[in-house]
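Have the model open as you read.

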Amino acid sequence: METETAMTEEFAARLKAYEGRPAAAGGIGKDHVNAPMIRHWCEAMGDTSPAYTGPDAIAPPTMLQVWTMGGLSGHTGGRAEAYDELLTLLDGAGCTAVVATDCEQEYLRPLRPGDEVGFDAVIESVSDRKRTKLGTGYFVTTRMDVRVDGELVGTHRFRILKYAPDHAKSGGRRPRPVINRDNAGFWEGVARHRLLIQRCAGCGTLRFPWLPGCNACGCLEWDTVEASGEGTVYSYVVMHHPPFPAFDPPYAVGVIELAEGVRIVSNVIGVPYDKVRIGMPVRLTFERYDDELELPVFRAGDGG
Ligand code: ZN
């Protein structure tokens, strides 16, 4: 129903009203353009251009956004209210998911060590309602203008898609496990309703999840033992957000400590999500989700 609300022309007009309003104002770069950050970037990117070293070095143009980023301690220039309002409006219309789609930069002149960067950003455009492979929503484009001493040195356009996730598209199917040579034996066990734990042939250490070798002694030989199915909730989280196809929040995800001592991440079923507790005894069962997928899960409560 939220999506229907978003379809109205009135809503589209409310979104369009944000075009031209500020997304960030009066930002100042945390650091002046500087040689150490340039060197780290070039090493990370594998960029060996001589333009970025030596006394006449410039910063790689693609570092433009770097000089504007707030880091873990936050921005020095405030994010403007209008941008938060726009995102809140879209959330309210059911477009709760977000993905960055693309970025365009223009470079007007090179940045050099010592330059102090200032920046402002504007909400440049909000698209009409678009249907995409991810879901239906709106593209929001912001444009950041980067200046040094008042002179425009570059622009950074950044586009996101705020969308209502298209649950129908995945058919509500859970993601498939990635089965490879290292874990195939585990999934073969699941198919026979057996939860198999690897046991090192060298030192006898049990391990889970499946790995090619033993972390305790390095031995590559192993066999398996079948889990008895008894366990306890070692830890858990309750997932509320974000929504994801095939999962119906809120639901509990537990780390189950098996009687054999290894731990496995799985769903806890058989009790309401808010009744799951650390130390709660659980028992292995196999839950079929569709014609291809059956998973080991853990049931709490009596009569499992
Ligand atoms: Zn070992």
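Start with C217: at 42% relative accessibility, this cysteine counts as partly exposed, where buried means under 20% relative accessible area, exposed means over 50%, and partly exposed is in between (1.4 Å probe, protein chains only). Before going on, some ground rules: this is a predicted model, where local features need pLDDT of at least 70, side-chain atom pairs count only at pLDDT 80 or more, and totals for chains, interfaces and linings use all residues. Residues are numbered from 1 along each chain as its sequence is written, and side-chain values use heavy atoms, with hydrogens and water left out.

**The zinc site**

So what holds the zinc ion? Its protein donors are the SG atoms of C200, C203, C214 and C217, lying 2.3 to 2.4 Å from the ion. Donors here are N, O and S atoms within 2.8 Å of the metal (3.2 Å for Na, K and Ca); water is not among the atoms, so sites may look incomplete. Along the chain, the donors follow the spacing C-x2-C-x10-C-x2-C. The arrangement is tetrahedral because the four donor atoms subtend angles of 100 to 114° around the zinc ion; the label requires all angles of four donors to lie between 85 and 135 degrees.

Here is how some of the cysteines compare for burial:

| Cysteine | Relative accessibility | Class |
|---|---|---|
| C200 | 3% | buried |
| C217 | 42% | partly exposed |
| C219 | 19% | buried |
| C103 | 41% | partly exposed |

**The strands around it**

Strand β8 (residues 196-200) pairs with β9 in the antiparallel sense over two bridges, and R199 stands opposite L206 in β9. Strands are DSSP runs of E, at least two residues, numbered from the N terminus, and two of them pair if DSSP finds at least two bridges between them. The open sheet has three strands in the order β9-β8-β10, with antiparallel pairing. Its edge strands, β9 (206-207) and β10 (222-226), each pair on one side only.

**What about disulfides?**

How many disulfides does the structure hold? C219 is in no disulfide either, and its nearest cysteine sulfur, that of C200, is 4.2 Å away.

Notes: Helix = DSSP H or I, 4+ residues; strand = E, 2+ residues; numbered from the N terminus. Tetrahedral: all angles 85-135°; square planar, octahedral: opposite > 155°, others 65-115°. Disulfide = S-S within 2.5 Å.
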